[in-house]
Amino acid sequence: MSQKLITFYDITTKAKPNPGPSPFTAKVRCALNLKGIKFTTVWLEYPEIEAECKRIGAPPTGKRPDGSLLYTLPVIQDLSTGVVMSESNVILEYLDKTYPDTPKLFPGNTLGIQLAFDAAAQTRLLDILPLVIAYIPAGLNPVAEAHWRSTRERQLGKRVEELEPKGEARVAALQKTQASLGEVDGWISKSGEGKFIMGDEMTFVDISLGAALCGVRVALGDKGAAFWEEISGWQSGRWEQLRKACEPYHK
Ligand SMILES: N[C@@H](CCC(=O)N[C@@H](CS)C(=O)NCC(=O)O)C(=O)O
């Protein structure tokens, strides 16, 4: 195994030293650990991300609604190659190419097919967001909460708490989420009986779905434990099993 070191930029939350609810940074952390690549973490609060990305030359990943450039984590800085990159999926591709002797995230010729599967699965998973988003601020430190709220609520045009469906609307949202996850479960089931989508080895799709599930679990915290229990009972326990399989790689 190579001795080369990666600096990994992750988001500080109250969960630190465990990862917070970002599925994007959790994906990269999981991949680094699975591959056994040595890395150190630089923890940043939300308001620090832009300045630090600009300082180290990490490219923006999009634009804010006002047209200004958006800088996001995860970012990695590979001290052996000098590469600084953002965008979780691009980082995972880079790690597979640059560290070929480590477990493959995209074995064989599966890069395109896995990216497509993940994109489809993530859109289904997004149905859970209104049910979870209001839990996120409680896990952030005050300085980050102010930034997180103002950026999200400016974009959404309302407080995140107002997005959370209540009463009958919540029941309908739960049913929709369960059905969407059922669709993903159906696709995975067609891949066979293995623990993961490609059998017994964890690959990109498992990492990405697992990171999202871990993010939901972290966001729900103790207050949302009963809700997670409910999700754990869906699709024969598929989501809790996947979350548990990924959890050791999120350290
Ligand atoms: N497409 C990006 C999305 C990353 C992303 O949205 N990161 C969020 C945290 S979950 C972020 O850093 N946001 C910075 C901000 O809101 O200022 C990726 O896959 O890496």
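Predicted model: local features only at pLDDT ≥ 70, side-chain atom pairs only at ≥ 80, totals over all residues.
Local features are given where pLDDT is at least 70 and side-chain atom pairs where pLDDT is 80 or more, while totals for chains, interfaces and linings use all residues. Residues are numbered from 1 along each chain as its sequence is written, and side-chain values use heavy atoms, with hydrogens and water left out.

The ligand is surrounded by 14 residues, a residue being counted if one of its heavy atoms lies within 4 Å of the molecule. The closest are Leu73, Glu87, Ser88, His147 and Arg152. By class, the shell comprises seven nonpolar, four polar and three charged residues; Ala, Val, Leu, Ile, Met, Phe, Trp, Tyr, Cys and Pro count as nonpolar, Asp, Glu, Lys and Arg as charged, and the others, Gly among them, as polar.

Polar contacts are pairs of N or O atoms within 3.5 Å; within protein, one atom must be able to donate a hydrogen and the other to accept it, and residues adjacent in sequence count only if both atoms are side-chain atoms. A polar side-chain atom of Ser88 is 2.6 Å from a ligand oxygen atom. For Arg152 the corresponding distance to an oxygen atom of the ligand is 2.7 Å, and for an N or O atom in the side chain of His147 it is 3.0 Å. The ligand on its own has 520 Å² of accessible area, of which the protein covers 85% (Shrake-Rupley method, 1.4 Å probe; for residues, only the protein chains shown count as cover).

Helices (H or I, at least four residues) and strands (E, at least two) are DSSP runs numbered from the N terminus. Helix H1 (residues 23-35) packs against helix H9 (residues 204-220) at about 135°, with the axes 8 Å apart. Axes are lines fitted to C-alpha atoms, for helices over the stretch in contact, and angles run from 0 to 180 degrees between N-to-C directions. H1 is therefore oblique to H9, as angles under 35 degrees count as roughly parallel, over 145 as roughly antiparallel, 65 to 115 as roughly perpendicular and the rest as oblique.

Most peptide bonds are trans, and most residues other than glycine have a negative phi. The bond joining Lys16 and Pro17 is cis, with omega about 15°; Pro17 lies in the loop between strand E1 (6-11) and H1. The Leu73 to Pro74 bond is also cis, with omega near 15°, and Pro74 is in the loop between strands E4 (69-70) and E5 (75-78). Gln235, not a glycine, has a positive phi of about 45°.
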